[in-house]
Amino acid sequence: MIDSIKQKLAKLNPTQSTNLKKAGVLIAILYYGRYKTAPSIIYTQRSTKVSTHSGEVSFPGGMMEDEDLDLYHTALRESQEEMALDPKLVELLGSLNFLISRFDIEVNPYVAIITEEPNLIANEEIQEIFEVPIAYLLDKKNMQTQTFQRDKMQLEMPTWYYNEQKIWGLTAMITADLLNTCFDADISTGIVR
C-alpha cells in the first residue's frame, strides 16, 4: 500500500502556487498493528470555542508562519500543536494538489504514514481526535453527495457521516481527492451544470 500511494502521488503534476495566503494540512494514515489490515485516517473536530471553523471536522494543520521551512513543516508543526503528534513518527509519502478554501486560502494537503502508535492529546483548539478506516470511506454506500452553491456555481461534494462526526466541505473534498488519487475511488466532485 505504501509504495502504491507514493507512486500515485509522484505522478501528480503540481499546479502553480497562488498569491493567496497558504495553509498546510496533514492527512495522517495509521499503519501499524491492527491498522496494517485496516488503515485509518486521523481527523480532528475543532472546538466550539474557536472563532474559525468552530465545531467542524478537519485535518490537523493551519496557516504558514515565518518560522516554517515550507508548507509540509507547517502541517507538522500544527499537528504537533493541535494533537501532540511527534513529527519523528511521521513519514511523508507525498502531497496532493492544493485546493482553495471558501475563505480564499490555498490549502496544501500532505499525505503521510504513521507506523508506530502515537500518543495523541488534543489542545484547546481541538474538541476530538478520531480516526476513520479508509475502507469505510471507499464504500460508496457510506457516502452521500450534496450540492452546494459557491460563487454562482453549484458544486457537487461528497459527505460522510462516521459515528457522530460529519466530514464535509473542504475536508471532504481533500478526502475525495486522496481516495481518487491513491485508491482509484472515482468519487465525483466539481461543478454541476
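What is the mean pLDDT of the chain, and what percentage of its residues reach 70 or more? This is a predicted model, so I checked confidence before anything else. I found a mean pLDDT of 91 for the chain, with 94% of its residues at 70 or more.

Next I went through the elements. Strand β12 (residues 190-192) has the lowest mean pLDDT, 62, while α3 has the highest, 98. Where pLDDT is low, the predicted coordinates should not be read in detail.

Then I turned to a helix pair. The axes of α1 (residues 2-10) and α4 (residues 169-183) come within 8 Å and cross at roughly 105°. Angles of 65 to 115 degrees count as roughly perpendicular, so α1 is roughly perpendicular to α4. I noted I5, K8 and L9 on the α1 side of the contact, and T181, C182 and F183 on the α4 side. By type, these residues split into 4 nonpolar, 1 polar and 1 charged.

On to the cores. The largest nonpolar core holds 34 residues, and I27, I41, Y43, V111, L137, W160 and I167 have the most contacts inside it. Elements that each supply at least two residues include α1, β1 (21-30), β2 (40-46), β7 (105-114) and α3 (134-138). The largest share, 6 residues, comes from α4.

I followed up on I41.

Last entry: a second, separate core has 17 residues, including I42, L71, M83 and V90.

Notes
Residues numbered from 1 in each chain as written. Predicted model: local features only at pLDDT ≥ 70, side-chain atom pairs only at ≥ 80, totals over all residues. Heavy atoms only, no water. Axes fitted to C-alpha atoms, helices over the stretch in contact; angles between N-to-C directions. Helix = DSSP H or I, 4+ residues; strand = E, 2+ residues; numbered from the N terminus. Parallel < 35°, antiparallel > 145°, perpendicular 65-115°, else oblique. Contact = heavy atoms within 4.5 Å. Nonpolar A, V, L, I, M, F, W, Y, C, P; charged D, E, K, R; others polar. Core = buried A, V, L, I, M, F, W, Y, C linked by side-chain atoms within 4.5 Å. Buried < 20%, exposed > 50% of the residue type's maximum accessible area, 1.4 Å probe, protein only. pLDDT = per-residue confidence, 0-100.
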